[in-house]
Amino acid sequence: MTMHEPQSQSRAAGAPQTPADVHSRPLCLSGKGVTKVFGVGGKQTLAVDHVDFAFHEGELVSIVGESGSGKTTLAKMLLGLLSVTEGEISFQGKPRDIRTRRAKKEYWKGIQAIFQDPFSSFNVFNKIDTVLLDCIHMTGGRRLPYAEKTRLMEEACSFVNLKFAELTNKYPFELSGGQMQRLMIARVFLLKPKILLADEPTSMIDACSRATILDMLLQLRDEIGMTILFITHDIGLAYYISDSVYIMEHGRFVEHGTADEVICAPKAAYTKRLIGDVPKIYEPWDLSTV
Amino acid sequence: MSNKILQVKGLTTKYVTRFHEDVYAVDHVSLEIEEGKSLGIAGESGCGKSTLALSLMGYYFPPLHYISGEIMVDGKNISGMKPDDVRKSVLGTEIAYIPQAAMNALNPTRRIRRFVEDVILAHDPKADKKQISEMAEARFAELGLPASVLDRHPVELSGGMKQRTVIAISTILKPKVLIADEPSSALDVTSQKMVIKMLRDLMEKGYIRAMIFITHELPLLYNVTDDIMVMYAGQIVERGTAKQMVFDPIHPYSRGLMHSIIVPEAGTRGHKLSAIPGTPPNLKNPPQGCRFADRCQYVVPQCRVSPIPMITFDGTRTYRCGHSVAHLREVYSHDDA
């Protein structure tokens, strides 16, 4: 057997570790009774139904659910891209204010996102230098000398194992999906937001590059102390990477707790079903429950 | 000796880029599948999995070109046929193919029933439409799809349902081999399970006689297929049964792939997820020796000298590496400790 033993509980060096004090840290983002209703009159759809959540600083939280359970709607509300029908979202202990354009811009300095489809995340007319320079400008580095800007860009690229010299003068479509997703992380590295919202960042890239992306997210959390919200439908990924897990079904959180609590001892029937549906290696996969 | 449904010998195909450069995306691939068996093909993006699938069908459109090799489906040679002949006499009846974006393969303006008619009429222009409908209804019911699906438009179906409908349509003529190219990678786990269940049903009920399943999700392959084959840079680097490949991979690349597995099982959180550093080589000028040499942590100078042949060991398993099996096993056990 060259693989690890499944029962060993000891954490190997380099494997994700949950910081011991993470649940006693101050709240970074929290919500009470957050609701989103789409449509008006008789054709209303309740996408997110009175959810409460509390994400601590430097915590890696996963939100897991099937397609259509409201994960992305919640993410868009947290980003301020969709209005909240009801409820309140607090950012760093204060109620969030994004009513004006200026307030929204300020808010986006604190929260950034990586989306599912790396191919459509970039402006096709902008070269990669422009993408990275924009980030430096956004964080107040507009008047830095060019050599300093280049140094910052090189630093960001080396953080994500890309070579800046090979990227200059290229357009985003000349990169592969994994490289583009890493470039998105390089942007985040330059912007250094308080919260990073990763909406299925690994679902469109292969299993090999996936490990690299996950490692980088963990590095962002450990080195910069970023709060990361990881949205995924793959419960195995959530188990591997996160400190806390929220399970979402039809717009509601049916279960939440630490990764070990939720995955190893699930209480809700929905969580049990989700775990049962994932193909496994050490346990038989029951196909008769479909 | 059991009946071999699909036999491929030395298949080589290339892409010609617009600068007239040759890219050998499938390089001397040989494989065999026995009746009733399924073969999984694993590998990272850009290593030739999908090109192999297209090449196996004999469906060569520029920029893809056939160079050499033999493809035998149940004793019938289909290599080197013209695309038109392939469409008439191979697709659907000998080999069926489910593309990666199967959910987008359906024309949104037509009802599902029309697609079924299209497939059957393309092979038998005199078929009776009423009989086709009855047959389609029976087949859909047998595969667990409601008959009402036939009268719907594709936009009315969910992603998982569309995927299953495409599978049902493409296997309506009882093809001998089904090639499924990442059929479930765009679906969530529950829909994925339904798709897998359907493929299993097709095998059990004898509508298909062998299956090739392409994916980069190894836990899935382990549960679905009998054998797993790992591809790297257009070549097969290792083949063995699913169990052998997951628990005892020999080639350093297979081992790298197995280490990127994530499963939600108690204790698995403790292992370090390791990615293989670097990217696959450019196939315009592939390395002379071992193609994995630049990314391999066990590389020695001899690896780069001459091409590495496939070596058989333990009776049925094959691998392509300059090191001996005993040496690799020893190195791995040392690494694990």
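Which residue of β7(B) is the bridge partner of B:Y97? I went looking for that one first, and my notes on this predicted model start from there.

1. **The β6-β7 pairing in chain B.** The bridge partner of B:Y97 in β7(B) turns out to be B:I179. That bridge belongs to a parallel pairing of strand β6 (residues 95-98) of chain B with β7(B), made over four bridges.

2. One to look up on screen is B:D181, whose bridge partner in β8(B) is B:I214.

3. **How buried is β7(B)?** Strand β7 covers residues 177-181 of chain B, and five of the five are buried, so the rest of the structure largely encloses it. In a regular strand the side chains alternate between the two faces of the sheet. Here B:V177, B:I179 and B:D181 point one way, while B:L178 and B:A180 point the other way, and all are buried. Do notice that B:D181 is on that buried list.

4. **The open sheet of chain B.** Four strands line up in the order β2-β1-β4-β5, with antiparallel pairing. The edge positions go to β2 (22-34) and β5 (76-77) of chain B; each has a single partner strand, so one side of each has no neighbour in the sheet. Strand β1 (residues 4-16) of chain B pairs with β2(B) over eight bridges, in the antiparallel sense, and B:Q7 has B:E32 of β2(B) as its bridge partner. Helix α1 (residues 49-57) of chain B packs on this sheet, where it touches β1, β2 and β4 (64-73) of chain B, and its direction makes about 65 degrees with that of β2(B).

5. B:H28 sits in strand β2 of chain B, yet its phi is near 50 degrees, a positive value in a residue other than glycine. With 17 C-beta neighbours inside 10 Å, B:H28 counts as partly exposed. The other spot is the peptide bond between B:P62 and B:P63, which is cis, with omega about 5 degrees. You'll find B:P63 in the loop between α1 and β4 of chain B.

6. **The open sheet of chain A.** Chain A has an open sheet of four strands as well, ordered β2-β1-β4-β5 and paired antiparallel. Its edges are β2 (45-56) and β5 (94-95) of chain A, each with a single partner strand, so one side of each is left without a neighbour in the sheet. Further in, strand β1 (residues 27-38) of chain A runs antiparallel to strand β4 (residues 86-91) of chain A, joined by five bridges; A:K32 has A:E88 of β4(A) as its bridge partner. Helix α1 (residues 71-79) of chain A lies across β1, β2 and β4 of chain A, at about 60 degrees to β2(A).

7. **Helix α3 of chain A.** This helix (residues 128-138) has A:I128, A:V131, A:L132, A:L133 and A:C135 as its buried residues. Those residues pack against α4 (146-159), α5 (164-167) and α6 (177-191) of chain A. After α3(A) comes A:G140, with a positive phi near 90 degrees.

8. **α6 against α7 in chain A.** The axes of α6(A) and helix α7 (residues 207-224) of chain A come within 10 Å and cross at roughly 5 degrees, which makes the two helices roughly parallel. On the α6(A) side, the contact residues include A:I185, A:V188 and A:F189, and on the α7(A) side they include A:I213, A:M216 and A:L220. By class, the contact has six nonpolar, three polar and one charged residues.

9. **α3 against α4 in chain B.** Helix α3 (residues 112-123) and helix α4 (residues 129-142) of chain B pack at about 115 degrees, axes 10 Å apart, and are therefore roughly perpendicular. The crossing of α3(B) past α4(B) is right-handed. From α3(B) the contact takes B:R113, B:V116, B:E117 and B:I120, and from α4(B) it takes B:K129, B:I132, B:S133 and B:A136. These contact residues split into four nonpolar, one polar and three charged.

10. A:N169 lies in the loop between α5 and α6 of chain A. Its phi is near 65 degrees, a positive value in a residue other than glycine. A:N169 counts as exposed, with 9 C-beta neighbours inside 10 Å.

Note on methods: Residues are numbered from 1 along each chain as its sequence is written. Chains are lettered from A and ligands numbered from 1 in the order in which they are written. This is a predicted model: local features need pLDDT of at least 70, side-chain atom pairs count only at pLDDT 80 or more; totals for chains, interfaces and linings use all residues. Axes are lines fitted to C-alpha atoms, for helices over the stretch in contact, and angles run from 0 to 180 degrees between N-to-C directions. Angles under 35 degrees count as roughly parallel, over 145 as roughly antiparallel, 65 to 115 as roughly perpendicular and the rest as oblique. A crossing is left-handed if the near helix is turned anticlockwise from the far one by less than a right angle, and right-handed if clockwise. Two residues are in contact if their C-beta atoms, placed from the backbone, lie within 7 Å. Ala, Val, Leu, Ile, Met, Phe, Trp, Tyr, Cys and Pro count as nonpolar, Asp, Glu, Lys and Arg as charged, and the others, Gly among them, as polar. A residue is buried if 20 or more other C-beta atoms lie within 10 Å of its own, exposed if 12 or fewer, and partly exposed in between; C-beta atoms are placed from the backbone. Two strands pair if DSSP finds at least two bridges between them.
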